[in-house]
Amino acid sequence: MSESLTTLSETRVFGGWLKRVRHQSAAVDCAMTFAVFLPPQVESGAKVPVVYWLSGLTCTDENFTQKAGAFRVAAELGLAIVAPDTSPRGEGVPGDPDGAWDFGLGAGFYVDATERPWAGHYRMHDYVTRELPALVEANFPVTGKRSIAGHSMGGHGALVCALKHPGFYKAVSAFAPIVNPAAVPWGEKAFGRYLGPDRERWLEWDACALMRKATERLPILIDQGDRDGFLEAQLKPQALVSVAEEIGHPVTLRMQPGYDHSYFFISSFIEDHLRHHAAALAG
């Protein structure tokens, strides 16, 4: 492992290893922590494909690693999973001026901010799509085959990453994603501050807008609980389905009866998502 990476912990799980790693990021100009699960296949010398997981508001890498229940299936399928933090952190990194939970620290929205004081650190899209994959592929036994998934704000991030970088990912999926952030309160708050008042610029980070001009038809799997308290005001998955139907983009939206926004929901269907990714990554 490169001297630029510091291993914080190593935990044996389902025959593989879960590692937490810290490094100094040029993209976001601070120290960043991410988790990487390496399945047992790497111990025999194999290189494996990677699923990148983007978490939601207030989360760190540990929400997914401790609650999603993903590692048994990832070990079976021979998938590495990489889970970065949701924002830059540390001394000198600005947060929400009012101390709110839905902006700033823990709420990077996977965009590249252009407005001060956030532009210096909040470049999470650049981090996730450029710096982190290069770091992972240089330091761990993985192939260049990647896919991406996420939850809520992270579901937004996963969709945007895939739509903005055709050919870079083999598959994409999301749990309860914010599909049209330019038109919902969470997105309006974040984009207004990170990107400024020009709403046309916001559309560069909105999955519904990006899908309309997508050059790739990467199949999208979305799970959404029908008892999710954020469904009507913030998530609105049908907006993306409507665009997909209009232009012929393959999207599978599964409305799951009785499920909410929590990791109980994610852990119930994570196996389906990992199998969705494994099939694409094996192709």
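Author: Helices here are DSSP runs of H or I with at least four residues, numbered from the N terminus. Thr65, for instance, is found in helix α1, residues 61–67. Keep in mind that this is a predicted model.

Reader: Ok, and is Thr65 buried or exposed?

Author: Buried: its relative accessibility is 15%, and the cut-off for buried is under 20%.

Reader: What does the side chain of Thr65 reach?

Author: The backbone oxygen of Glu62, at 3.3 Å.

Reader: Switching to pockets. How much space lies in the largest pocket?

Author: About 190 Å³. Its lining has 13 residues, and those nearest the centre are Leu57, Cys59, His151, His261 and Tyr263.

Reader: What's the lining like by class?

Author: Six nonpolar, six polar and one charged.

Reader: Which residues line the largest cavity?

Author: Val51, Trp53, Phe64, Ile81, Ala149, Ser173, Ile270, His273, Leu274 and His277.

Reader: His277 was on your list. Where does it lie, then?

Author: His277 lies in helix α10, and it counts as buried because its relative accessibility is 1%. The C-alpha atoms of His277 and Pro49 are separated by 9.7 Å, with the two residues 228 apart along the chain.

Reader: Nice. Now aromatics: how many aromatic pairs does a search of the whole structure find?

Author: It finds 18. Trp101 and Trp186 make one that is edge-to-face, with 6.0 Å centre to centre and 85 degrees between the planes. That pair links distant parts of the chain, 85 residues apart: Trp101 is in the loop between β5 (80–84) and α3 (124–139), and Trp186 is in helix α5, residues 185–194.

Reader: Are those two tryptophans buried or exposed?

Author: Trp101 is partly exposed at 45% relative accessibility, while Trp186 is buried, with a relative accessible area of 5%.

Reader: Got another pair for me, say Tyr259 and Phe269? What's the geometry?

Author: Their ring centres are 4.9 Å apart and the planes sit at 70 degrees. Planes over 60 degrees apart count as edge-to-face, so that is the label for Tyr259 and Phe269. Tyr259 is in the loop between β9 (251–256) and α10 (263–282) and Phe269 is in helix α10, so the pair ties together parts that are 10 residues apart in sequence.

Reader: Which of the two is buried and which is partly exposed?

Author: Tyr259 is partly exposed, with a relative accessible area of 29%. Phe269 is buried, at 11%.

Reader: Which residues do ring pairs link into a cluster?

Author: Phe37, Trp53, Phe64, Phe71, Phe175, Tyr259, Phe265 and Phe269. Trp53 and Phe64 also turn up in the lining of the largest cavity.

Reader: What about charges over rings? Where does Arg146 lie?

Author: Over the face of Phe168, 3.8 Å from the ring centre.

Reader: Backbone check before I go. Which residues does a cis peptide bond join?

Author: Arg116 and Pro117, with omega at about 5 degrees. Pro117 is in the loop between β5 and α3.

Reader: And what's the phi of Phe109?

Author: Positive, about 60 degrees, although Phe109 is not a glycine. Phe109 is also in the loop between β5 and α3, and it counts as buried because its relative accessible area is 0%.

Reader: How about Phe14, what's its phi?

Author: Also positive, at about 45 degrees, and Phe14 is not a glycine either. Phe14 is found in the loop between β1 (5–13) and β2 (16–25).

Reader: Last one: where does Ala183 lie?

Author: In the loop between β7 (172–175) and α5. Ala183 is partly exposed, at 43% relative accessibility. The C-alpha atoms of Ala183 and Arg199 are separated by 9.6 Å, and the residues are 16 apart along the chain.

Definitions and conventions: Residues numbered from 1 in each chain as written. Predicted model: local features only at pLDDT ≥ 70, side-chain atom pairs only at ≥ 80, totals over all residues. Heavy atoms only, no water. 1 Å grid on protein atoms, 1.4 Å probe; cavity = no way out; pocket = protein on both sides within 12 Å on 5 of 7 lines; lining within 4 Å. Points joined across faces, edges and corners; volume = space filled by probe spheres on them. Nonpolar A, V, L, I, M, F, W, Y, C, P; charged D, E, K, R; others polar. Phe/Tyr/Trp six-rings, centres within 6.5 Å; stacked < 30°, edge-to-face > 60°. Helix = DSSP H or I, 4+ residues; strand = E, 2+ residues; numbered from the N terminus. Buried < 20%, exposed > 50% of the residue type's maximum accessible area, 1.4 Å probe, protein only. Lys NZ or Arg CZ within 6 Å of the ring centre and 35° of its normal. Polar contact = N/O pair within 3.5 Å; in protein donor to acceptor, adjacent residues only side chain to side chain.
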